[in-house]
Each structure stands twice: as structure tokens, then as C-alpha cells.
Amino acid sequence: MKTKLTKDLESTLYQYCKEQGSYVVEEVSMPDDKGIVDTLSYQQLRDGQIEWRCYELKVTKSDFHSKAKLSFIGNYNYFVLPQKLFEEVADEIPSHIGVLIYRAFDKKAMEASPQTLVAPGFLTVAKKAQFQELQVDEKQLTSHFVASLFREVDKAKKVEKGLQLYSEDRLYKELKKRQKAGYDVYNPDNNLYDRFIEEIQNDAVTALQDELDARNAEYQELKFQLQKLQQPNLEDKI
């Protein structure tokens, strides 16, 4: 599971790459069993050349020393670290690897900002990365990059469609699994099922009332029309 700090670094880095004019995607598996890079960016330069940048996000010293493979196969490669962690591991970072330092925005400053901030913090370059030749086949890397982009688009479409993607049987099974967690004897207002049934009942009552009002209005209209038809007959008798 990603920590809040990791997610903050990730979203800030995403905006940073966008501002640099790059296409970017998280968690891209590398060709030739080179691991999974946390964030990969693709940028086309003015001369038509493609520039690949790999970013590894670390938030703790144990995370930094993890045995997970570092996928620094890009033309430029970076660690993305909080300031405190950078100070602790600065001497361990290879000379050709760059470092971006994450700093969170002050909460009061965020609240006072006249514009909605698109990221929880900002990045500064503490150490520039040195250029290296791409360490994998570029066609394969492009294929992996596109596959990861498709994965993210597919996830977004599923979120947009929501529960429409699931069968009634699957939804029922999911509700059954959450039955124990969803029912609290001591806090009835928080009970998932009570709230669900109450809303359904309220919706049903509202729907029935709307139908009754519509039928009553129709009845009154028919009654009025009938009276109009009968009016000339009454005048003839007089």
C-alpha cells in the first residue's frame, strides 16, 4: 500500500513532468526484466529526438535501501525524495543519478491561495542527472509505455462507468461480504444497510406520491372537460 507521502510525491511529480512538456505514466514494467520504474516520462525534443526519464520515489531510508531493482534505464534518471531523506542518503547516490527534492505546500498558504493548487507540493532539482544512452531497446520501451498508458485509461473508464460494469450477482456477493463491517448496533446512523433500505423506501414513497399527483391532475382535467361538454345541454334545456 502506498503511504500518503508517496502519493503526494507521485501526484506532484506527475504535474512537474506535465509542466516540462512530457507524457508521463506511473509503474511501467521495463523490457528485458529490468524491473518496474515508479514513473516514466517521454518527451519529444525540437530536433525530433526522444528523451526518456526514469524516476524512483523513496520516502524512508529503509525504502531507499530496499532490494527492489532500480530501473534507471532512461537517458536521465532521478530519485524523488523528501528533503530529510536526501540529507541522510546523499552520499549513497551515484554520481550520474539526479535528485528532485519534494516540499509540501504550507496548509495555510494553500487555503489562502486564490487558485486551486493541482499538487500538494513542489519539486526542486537538488542534483542534476547526467545523460546516458538508453539501456533497453527503444521500440520495446515505447511498447511498454503505451501498454501502461492504456492500463491507466482503462482504469479511468471503469471508474467513470462505476457499478454499471458489475453484474447484480457480483454486487450482491460484495454486499454480503461487507455485511459485518456495514452494520453497527451502537451507531445506527452509520449502518450501510439501514441507510440503503431507508433511501429505497423514501424513493419508493416519492415515486408513488408523484404518480398519485399525476393521476389526480389527470382526473381533474377530465372532470373539467366533461363539465364543459355538459354545459351546452343544460343551456338548451333552459
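Visitor: Which residues of α1 are buried?

Guide: This is a predicted model, and its helix α1 covers residues 4–19. Residues under 20% relative accessible area count as buried. By that cut-off, the buried residues of α1 are Thr6, Asp8, Leu9, Glu10, Thr12, Leu13, Gln15, Tyr16 and Cys17.

Visitor: Against which elements do the buried residues of α1 pack?

Guide: The buried set of α1 includes Leu9 and Leu13. The partners of the buried residues in this helix are strands β1, β2, β3, β4, β5 and β6.

Visitor: What distance does α1 reach from its first C-alpha to its last?

Guide: Helix α1 has 16 residues, for which 22 Å is expected at 1.5 Å a residue. The helix is followed by Gly21, whose phi is positive, near 85°.

Visitor: In what order do the elements of the protein run from the N terminus on?

Guide: The protein has seven helices and six strands. Buried residues make up 27% of its 238 residues. Read from the N terminus on, the order of the elements is α-β-β-β-α-β-α-β-α-β-α-α-α.

Visitor: What share of the accessible surface belongs to carbon and sulfur atoms?

Guide: The accessible surface of the protein comes to about 17500 Å². Of this area, the share that belongs to carbon and sulfur atoms is 53%.

Visitor: Which residues touch the most other members of the largest nonpolar core?

Guide: In soluble globular proteins, nonpolar side chains tend to be buried together. The largest nonpolar core here has 23 residues. Elements that give two or more residues to this core are β1, β2, β3, β4, α3, β5 and α5. The members that touch the most others are Met30, Leu40, Phe79, Leu81, Ile93 and Leu141.

Visitor: Which residues does Met30 touch, not counting residues up to four places away in sequence?

Guide: Met30 is one of the members of the largest core that touch the most others. With residues up to four places away in sequence left out, Met30 touches Gly35, Val37, Leu40, Ser71, Ile73, Leu141 and His144.

Visitor: How many residues form the other core, which includes Leu57 and Ala129?

Guide: This core lies apart from the largest one. Its members include Leu9 and Leu13, both of them among the buried residues of α1. The number of residues in this other core is 15.

Visitor: Is the ring pair of Phe72 and Phe79 stacked or edge-to-face?

Guide: The structure holds nine aromatic pairs. In this one, the ring centres of Phe72 and Phe79 are 5.1 Å apart. Phe72 is buried, with a relative accessible area of 15%, and Phe79 is buried as well, at 2%. The planes of the two rings stand at 90°, so the pair is edge-to-face.

Visitor: How many residues apart in sequence are the parts that Phe105 and Phe122 tie together?

Guide: The rings of Phe105 and Phe122 have centres 5.6 Å apart and planes at 35°, so their pair is tilted. Phe105 is partly exposed, with a relative accessible area of 30%, and Phe122 is partly exposed at 33%. Phe105 lies in the loop between β5 and α4, whereas Phe122 lies in strand β6, so the separation in sequence of the parts tied together is 17 residues.

Visitor: Over the face of which residue does Arg53 lie?

Guide: The distance from Arg53 to the ring centre is 4.4 Å. The residue whose face Arg53 lies over is Tyr76.

Visitor: What is the phi of Glu27?

Guide: Most residues other than glycine have a negative phi. Glu27 lies in strand β1 and is partly exposed, with a relative accessible area of 36%. Although Glu27 is not a glycine, its phi is positive, at about 55°.

Visitor: Where does Asp32 lie?

Guide: Asp32 has a positive phi of about 60° although it is not a glycine. The place of Asp32 is the loop between β1 and β2.

Visitor: What distance separates the C-alpha atoms of Arg103 and Asp8?

Guide: Arg103 is found in strand β5 and is partly exposed, with a relative accessible area of 32%. Gln83, Gly121, Phe122 and Thr124 are touched by Arg103, not counting residues up to four places away in sequence. Arg103 and Asp8 are 95 residues apart along the chain, and their C-alpha atoms are separated by 9.8 Å.

Technical notes:
Residues numbered from 1 in each chain as written. Predicted model: local features only at pLDDT ≥ 70, side-chain atom pairs only at ≥ 80, totals over all residues. Heavy atoms only, no water. Core = buried A, V, L, I, M, F, W, Y, C linked by side-chain atoms within 4.5 Å. Buried < 20%, exposed > 50% of the residue type's maximum accessible area, 1.4 Å probe, protein only. Helix = DSSP H or I, 4+ residues; strand = E, 2+ residues; numbered from the N terminus. Contact = heavy atoms within 4.5 Å. Phe/Tyr/Trp six-rings, centres within 6.5 Å; stacked < 30°, edge-to-face > 60°. Lys NZ or Arg CZ within 6 Å of the ring centre and 35° of its normal. Expected span 1.5 Å × (residues − 1). Areas by Shrake-Rupley, 256 points an atom, 1.4 Å probe, with all protein chains shown as cover.
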